[in-house]
Amino acid sequence: MRFTSLLHHIANVEALREAYEQLQRDASAGVDGVTWRHYGQDLPANLADLSSRLKRGAYRAKPVRRAYIPKADGRQRPLGVPTVEDKLVQRATATVLEAIYETDFLGISYGFRPKRRAHDALDALAVGLEKRKVNWLLDADIRGYFDSINHGWLVRFLEHRIADKRVLRLIQKWLNAGVLEKGSYTYPDQGTPQGGSISPLLANIYLHYVFDLWVSQWRKTQARGDVIVVRYADDFVVGFESKTEAEQFWTALKERFQRFGLELHAEKTRLVEFGRYAARDREKRGQGKPETFDFLGFTHICGTTKKGWFRVVRRTIAKRLRAKLQELKANLARRRHLHVEKTGMWLGAVLKGYFGYHAVPLNTQPLDGFRTEVIRLWKRSLERRSDKGAIRWDHMAVLARRFLPRVRVRHRYPNQRLRVTTQGWSRVR
């Protein structure tokens with residue numbers, strides 16, 4: 001079914017007001033310098049004017065301001081900062097499109113979708129590896145995905161479901177609005193800037209047609225053994241029963257991506273021997289322990305239960321854990337002048353959030369070490385500002401008990417959670 005009349009769901013004042021309330025209040029301003037609070041000072045008049053311009057076709061998207069955020073590997077990720085007005089129109093449009101595309105998206109897709117989160121993808125992957133006959137994994141990475149999306153193909157994909165030309169023109173305005181960086185404007189003919197409310201959804205739609213539908217068809221028609229697929233945004237892992245099928249798929253995937261302007265990162269995409277028989281087979285060949293792979297912040301390791309059954313062990317990526325400690329060390333130096341209680345409350349909130357994501361079963365040991373190192377960094381920071389010299393460890397233990405949460409498992413084992421959240425209605429096998 002194609003939807004021929006959608007703009008009235010976007011351009012009405014109530015939808016725009018709801019979108020405005022959903023925006024991040026302390027986000028950076030766009031090229032016009034207008035913040036969320038500044039736009040809200042005369043919100044009724046601003047929304048009425050915006051609604052009128054949208055209905056008349058007089059709305060014009062402004063260029064995004066280019067900013068950069070540091071990545072865990074030391075590089076910088078480009079980020080586009082739209083204006084407040086563009087953000088709220090994008091948010092209203094995304095709400096309408098999500099209602100349409102959530103009925104289309106497949107179960108293998110987890111990123112940037114309502115009621116789905118990274119741990120759902122991690123659990124699905126772990127259960128697939130433990131329960132299916134998977135021996136080889138394609139750990140894939142798309143080179144510069146958000147900057148490589150072809151505008152022509154994206155519009156053609158949207159036209160499969162959206163027949164309202166006004167909504168399509170609205171999306172094209174954002175794609176063609178341009179980028180402001182270091183005082184000069186550029187107008188890329190491909191890519192969708194990360195940072196806009198609509199970008200994650202458009203990226204999902206693009207990979208839905210380029211990858212999800214294609215891999216599901218490949219699995220049904222060409223695969224002879226078991227195949228598992230888990231995708232979170234542009235990160236995905238595909239598991240195979242045989243190495244031959246994995247290599248055939250890898251070749252076919254390169255050709256598929258090339259057709260739609262995408263490219264696998266040659267250095268980061270690799271075939272990994274991983275699964276219940278990996279340790280046995282590698283020992284026979286004299287190759288040592290099975291390889292590991294990283295996905296969504298965790299290093300996945302071939303392990304066993306106390307009874308000798310195969311299971312996936314997930315540990316926080318060591319490089320990212322060290323990077324987080326360096327970040328905390330720098331922040332503690334900047335907060336050295338603050339009262340101990342303020343710093344303790346801030347550190348406690350940081351650790352609570354970090355453990356909330358990383359405290360999965362079998363990962364408590366690295367997190368215990370992380371907490372101990374945080375206490376040591378805090379101790380050193382307090383000593384640097386004190387004229388009394390060293391601070392005793394028993395004093396730090398009191399502060400740690402008061403402010404810093406202890407490490408405890410905060411997530412169920414993957415098979416337990418997946419059984420609870422998917423039983424009876426999931427389209428995922």
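1. Contact here means heavy atoms within 4.5 Å, a handy rule to keep in mind for His208. Leaving aside neighbours within four places in sequence, His208 is in contact with Asp104, Phe105, Leu106, Leu213 and Arg231. His208 lies in helix H10 (residues 199-221); helices are DSSP runs of H or I with at least four residues, numbered from the N terminus. His208 has a relative accessible area of 3% and is buried, a term for under 20% relative accessible area, with exposed for over 50% and partly exposed in between (1.4 Å probe, protein chains only).

2. A word on the model: it is predicted, so local features need pLDDT of at least 70 and side-chain atom pairs count only at pLDDT 80 or more, while totals for chains, interfaces and linings use all residues. Residues are numbered from 1 along each chain as its sequence is written, and side-chain values use heavy atoms, with hydrogens and water left out.

3. Do have a look at helix H2 (residues 13-22), where Ala15, Leu16, Ala19 and Tyr20 are buried. Seen down the axis of H2, these buried residues fall within an arc of 140°, so they line one face of the helix; the arc is that of the directions from the helix axis to the C-beta atoms. Glu14 and Glu18, on the other side of H2, are exposed. The buried residues pack against helices H1 (7-11), H3 (36-40), H4 (43-56) and H5 (84-101).

4. Next, follow helix H14 (residues 340-358) to H15: their axes come within 12 Å and cross at roughly 160°. Axes are lines fitted to C-alpha atoms, for helices over the stretch in contact, and angles run from 0 to 180 degrees between N-to-C directions. H14 is therefore roughly antiparallel to H15 (angles under 35 degrees count as roughly parallel, over 145 as roughly antiparallel, 65 to 115 as roughly perpendicular and the rest as oblique). Among the contact residues are Leu347, Leu351 and Phe355 of H14 and Phe370, Val374 and Trp378 of H15. By class, this contact has 10 nonpolar, three polar and two charged residues; Ala, Val, Leu, Ile, Met, Phe, Trp, Tyr, Cys and Pro count as nonpolar, Asp, Glu, Lys and Arg as charged, and the others, Gly among them, as polar.

5. Finally, H15 (residues 364-385) also meets helix H16 (residues 393-403), with axes that come within 11 Å and cross at roughly 120°. H15 and H16 are therefore oblique to each other. Trp378 and Leu382 are among the H15 residues in this contact, and Trp393 and Phe403 among those of H16. The contact of H15 with H16 divides into eight nonpolar, no polar and four charged residues.

Technical notes. Helices (H or I, at least four residues) and strands (E, at least two) are DSSP runs, numbered from the N terminus.
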